[in-house]
Amino acid sequence: MATSTRETPVGNPSTWQGIAQDWSSDRDAFKQVPWGKAMMWIFLLSDTFIFTCFLTGYMSVRMSTTATWPNPSEVFALTIGGASVPLILIAIMTFVLITSSGTMAMAVNYGYRRDRVRSAALMLTTAALGATFVGMQAFEWSKLISEGVRPWGNPMGAAQFGACFFMITGFHGLHVSVGVIYLCTVAFKVLRGDYEKRGNYQIVEITGLYWHFVDLVWVFIFAFFYLW
C-alpha cells in the first residue's frame, strides 16, 4: 500500500515571502551558525541603532543650536604641573579601551586553543582595563558636575551640552560596566573548566563580540563628541 508523505513547503527565496519562510524555518539563513553567536549579532545590531540615534540627535542639536557650544579642548582639559592639557584624560581612556580589545582578542585565541588559564587571565585583564575606563569616566563626570554642568544646563555655553554628554557617555559607560561583569562571569566559568567539559569555548568569542562592539562605539563617541 503506497503511503504519501507531506513535506513542509519551502518558500521561493526570490520573493519576500520566501525569504521570511527561509529565515523563520532556519533552513539556510543560520545554517552552521550557533544560536548564541547569531543572537549576539542581532543584539549588537539593535544596539547599533540606539547609538546611531543618540549620535544623530547629538549632531542635530549641535548644528541647530544658536547658543555657543562649549569647546571640548577646554571643557575636558586637566591641569598638570600648572599647565592645562586638553583631552589628556580622554586620550588615556581611549588608549585603555583599545588596549582591552587586544587582550580580548588574545583571550579568544587562547580559548580556541583550549588554554583555559591564559584565556581566563586575559579576560580578567580585559575586565580590569574596562573597570579602569569606568573609573576614569566617573572622575570625568564628577569633575564636570563640580564645575556646574547639569543635564538641563551648564555655565559653559549651550544648555543641551550637559544632556547630550551625560546621556551618550552614560549609556556607553553602562555597556562597559555590564561588559566587565560579563567578562568576569565567563572568565570564572572558563577557569573552573565548565566549557572544557563541553569541549566548546565559543562563549569566549561571543563575549569578545560584545566587547569589541563597545570599543568600536567609543571610537565614534570620541570622534563626534570630543574632537568635533
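From the N terminus on, the elements of this protein follow the order α-α-α-β-β-α-α-α-α-α. The protein thus described has 8 helices and 2 strands, where helices (H or I, at least four residues) and strands (E, at least two) are DSSP runs numbered from the N terminus. The model is predicted: local features need pLDDT of at least 70, side-chain atom pairs count only at pLDDT 80 or more, and totals for chains, interfaces and linings use all residues. Residues are numbered from 1 along each chain as its sequence is written, and side-chain values use heavy atoms, with hydrogens and water left out.

**Burial and surface**

Of the 228 residues of the protein, 40% count as buried; the term buried means under 20% relative accessible area, exposed means over 50%, and partly exposed lies in between (1.4 Å probe, protein chains only). Contacts (heavy atoms within 4.5 Å) also describe the fold. Among those between residues at least 6 apart in sequence, 70% join residues at least 24 apart.

The accessible surface comes to about 12,700 Å², and 66% of this surface belongs to carbon and sulfur atoms. Accessible areas come from the Shrake-Rupley method with a 1.4 Å probe, and for residues only the protein chains shown count as cover. On the surface, Ile98, Leu216, Val219 and Phe220 form a nonpolar patch with about 360 Å² of accessible area together. Patches are made of residues with over 30% relative accessible area and no salt bridge; like charges are joined within 9 Å, and nonpolar side chains (Val, Leu, Ile, Met, Phe, Trp, Tyr) within 5 Å. Helix α8 (residues 202–226) gives the largest share of the nonpolar patch, 3 residues. Val219 lies in this helix, α8, and counts as partly exposed because its relative accessibility is 39%.

**The interior**

Thr169, in helix α6 (residues 160–192), counts as buried because its relative accessibility is 0%. Not counting residues up to four places away in sequence, Thr169 touches Gln137, Trp141 and Tyr226.

A search of the whole structure finds 1 cavity of 30 Å³ or more. On a 1 Å grid over the protein atoms alone, a cavity is a set of points where a 1.4 Å probe fits but cannot get out, and lining residues have an atom within 4 Å of a point. About 50 Å³ of space lies in the largest cavity. Its lining includes Val75, Phe76, Leu89, Ile90, Glu140 and Leu144. The elements that give two or more residues to this lining are α4 (88–112) and α5 (116–146), and the largest share, 3 residues, comes from α5.

**Salt bridges**

Side chains of opposite charge can pair when their charged atoms come close. A salt bridge is a side-chain nitrogen of Lys or Arg within 4 Å of a carboxyl oxygen of Asp or Glu. The search of the whole structure finds 5 salt bridges, among them those in the table.

| Residues | N to O distance |
|---|---|
| Arg118 and Asp115 | 3.7 Å |
| Lys189 and Asp194 | 3.1 Å |
| Arg192 and Asp194 | 2.5 Å |

Arg118 is partly exposed at 48% relative accessibility, and Asp115 is partly exposed at 23%. Lys189, Arg192 and Asp194 are linked in a network of salt bridges.

Methods
1 Å grid on protein atoms, 1.4 Å probe; cavity = no way out; pocket = protein on both sides within 12 Å on 5 of 7 lines; lining within 4 Å. Points joined across faces, edges and corners; volume = space filled by probe spheres on them.
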